[in-house]
Amino acid sequence: MTFTFPPKEQVIADFAARLACKSSVNDELYQIQSVQPRYSPCRKDPESLQPILISEMKPGKHHRGRKLLIRACTTPGRVSAAVATVVEDEKDTAVPLFLFNGHPESVQPVDQQIPDGSLCLIKEPFFKANKKKGVYCIRVDHITDIVFLSATDSQLPSCWRVPFISECSQEVRQLGNTFAKKGIWQAALYMYKEALRVATCSEDEQLANLNCALANLRLDAFEDALANAKKALEKDAENLKGLFRAAMAYYGLHNFDSCRDSLLALLAIYPDEPSGWSELKRVEARLLEQATGRYSFASMHNQLKTAPLIDCATYQGPIEVRNSPGRGRGLFLTEAVSVGDLLLCEKAFTYAYGLEKPQASDNVLVMSLDNPRPSNYCQTILSTQIQHRIRINPCSSRSILDLYSGTERTEPEPFAPGTGPAVDAFLVRDIVQFNSTTCPATSMDLMSVANPMYMAGLAYANKSFPGAGIWVKASYLNHSCLANCYCSFIGDMLIVRAAQDIPAGAELTIAYHAPRHFETYEGAQAPLADWQFNCRCALCARRLRTAAQVARKEHTFIRDIRKVFNLAPGEDLALLSAGCRTIDEQFWRAGGPKAFPCVEMCTTLFLQATCSMVVSGPASERIPVILAALRCNGFEIVDADSEFRVTKWGIVQNLMPTMIWVLYVNCKFAAPSYCPSVERLFRTVHTIMFGEDESFAEVFDKLLASPICKVATRI
């Protein structure tokens, strides 16, 4: 199919009109919600590709082995998930360009991403066209398939090539400084690179490298910043700015040992440099966290007041990645741990926040013709962040590309020596879909005494989370309904603690979804289908072998009992008492909790205990009911002869803090000898579910003054 291109003036006018018309969101070109079938990014050196003109391109074809040299001829705009503009080739043939996976507006304004007049090279371009609808554009999905060129680049047509504004390195650096003062660091970096190119003496070269290092630090391009700083130090090994910027690049790469070494070298030469001492103190704190897992969790919470990006190092306990039979890879213990022990405190590879109310233009489901799973807004943001991080810090980003993506991969290296990174947008999107998670700013936000849902045990119900991220090491945690670990969040730090005593060699598991009431075996396995494994826990084994008729009988009994509690108004004491008697007469006569957890009965029994407080039943009768609820959740408890002790931990679920607190309140008045043990149990549950125990004393004191404690006091 051939395509006739309109005159450039008409293309620009049509583009401007459609860009300004907000009512045209249903236009296929300007509201593209699907992506092309998977194709690989170009991994070839641009100079090895042969030029092609726009008029020579074929609709619906990737022009392998070719490159398209273009110049932007309009101010760009954001259209759906793409940065859009009009570009022309050397023959003045114009066409819209759609660049997907560009920076979000908060990182780089759209008008700075492909500024009017930009000179670009598209590697192996794809021409998208629908002749019937008159829709056409050059579409770029992989951000490394577009290369921005300087006006002096030898690959450009001679008619576009112009001498640079100055051949004086100092003058060009001053132009870069003008952009730097305005915070336009991408433009500043361009000028500093040009200053480096035209440098004629070692001093100019060193100064340009130092300026490039600073700009790259501001752009989070830590690998390039380090390279620039090292180049500057080759000219003068004692240069203060070179040593400091190298140290900050190491810090950004989380290479804290090398950061400390650079700062010590700096301070040996400049002992009175205050920034060196302050940064040394900071990096030594990171090294301590990394080596021991000892954190100031109070400091983490304080940092949340400004942004949820926590300045902390990752701690990895006695864990390692191994093959998990039937489930790919998993995390395993190398030594035994006790309940509550810290196993992993990991900083997110990438993290997005403030996602509660995305802009209408951002709230797009990105669909793929070869992948039926849609990418939601959070995943689209994370995918974009990861692609840009791989592009600017390829060597330190290899770990993200090794995560599960849904299929076995035989892709070549993401970047080859001498050619730079080749970022595969489709691969990154798949990795994000399978490994990202939404999360609260902190787990305490959901289950704190300031949150009325804390006492209801329903904090996670219908909750939309303001953050999302990927944690590489934690992504290897596989699922079990009877998980032996629990994850919590403080900003972009994910904390994994043991939820029971775990022997060496055991695989660590978390619950991708908590056991749901009356869940069938098929229902429990359905959410795991994308990961291509079945849960083999004891609860699922019991679901599999339980006859449907028996399951229906159990469900009917529990539903009928819960209906009594849910429907009974607070003053209907007789109805509430009748519900409690039914449990006593039927459930316990049938044998009580079995060898497997019964989460439905756990919730029902706890409901009985709280309703008993309303009807002013004696605390001594409520304690056995709460203990029975814990046993139904898989706990094994010794409670005889004034002794209270947990001998085996069960499921740690959202209701746990409330259950243990209600148990403590009742023990305070009916079994005070249990109180120290129950308080220790409460502290451990708090530590597991919120990631830390530094806040426990404050929470405990607030709960002592809470309404439920006052209610118990009156009984």
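**Sheets and cores at a glance**

Strand 13 (residues 319–323) pairs with strand 14 in the antiparallel sense, over five bridges. Strands here are DSSP E runs of at least two residues, helices are H or I runs of at least four, and both are numbered from the N terminus; two strands pair if DSSP finds at least two bridges between them. This is a predicted model, where local features need pLDDT of at least 70, side-chain atom pairs count only at pLDDT 80 or more, and totals for chains, interfaces and linings use all residues. Residues are numbered from 1 along each chain as its sequence is written, and side-chain values use heavy atoms, with hydrogens and water left out.

- Across the pair, Asn 323 stands opposite Arg 329 in strand 14.
- Strand 14 is mostly covered, with four of its five residues buried (buried means under 20% relative accessible area, exposed over 50%, partly exposed in between, with a 1.4 Å probe and protein chains only).

- An open antiparallel sheet has its three strands in the order 16-22-21.
- Strand 16 and strand 21 (437–439) are at the edges with a single partner strand each, so one side of each has no neighbour in the sheet.
- Strand 16 pairs with strand 22 over four bridges, antiparallel again, and Tyr 351 stands opposite Gly 469 in strand 22.
- Helix 10 lies across strand 16, strand 21 and strand 22, at about 140 degrees to strand 16 (axes are lines fitted to C-alpha atoms, for helices over the stretch in contact, and angles run from 0 to 180 degrees between N-to-C directions).

**The four-stranded sheet**
- Here the open, antiparallel order is 12-15-25-24.
- Strand 12 (315–316) pairs with strand 15 over two bridges, and Gln 316 has Leu 344 as its bridge partner in strand 15.
- Helix 21 (residues 675–690) packs on this sheet, touching strand 24 and strand 25, and makes about 65 degrees with strand 24.

**The nonpolar cores**
- The largest nonpolar core has 43 residues, and Ile 400 and Leu 508 have the most contacts inside it (a core is a set of buried Ala, Val, Leu, Ile, Met, Phe, Trp, Tyr and Cys residues joined through side-chain atoms within 4.5 Å).
- Helix 10 gives the most to this core, with six residues.
- Beyond its neighbours within four places in sequence, Leu 508 is in contact with residues including Ile 319, Leu 331 and Leu 343 (contact means heavy atoms within 4.5 Å).
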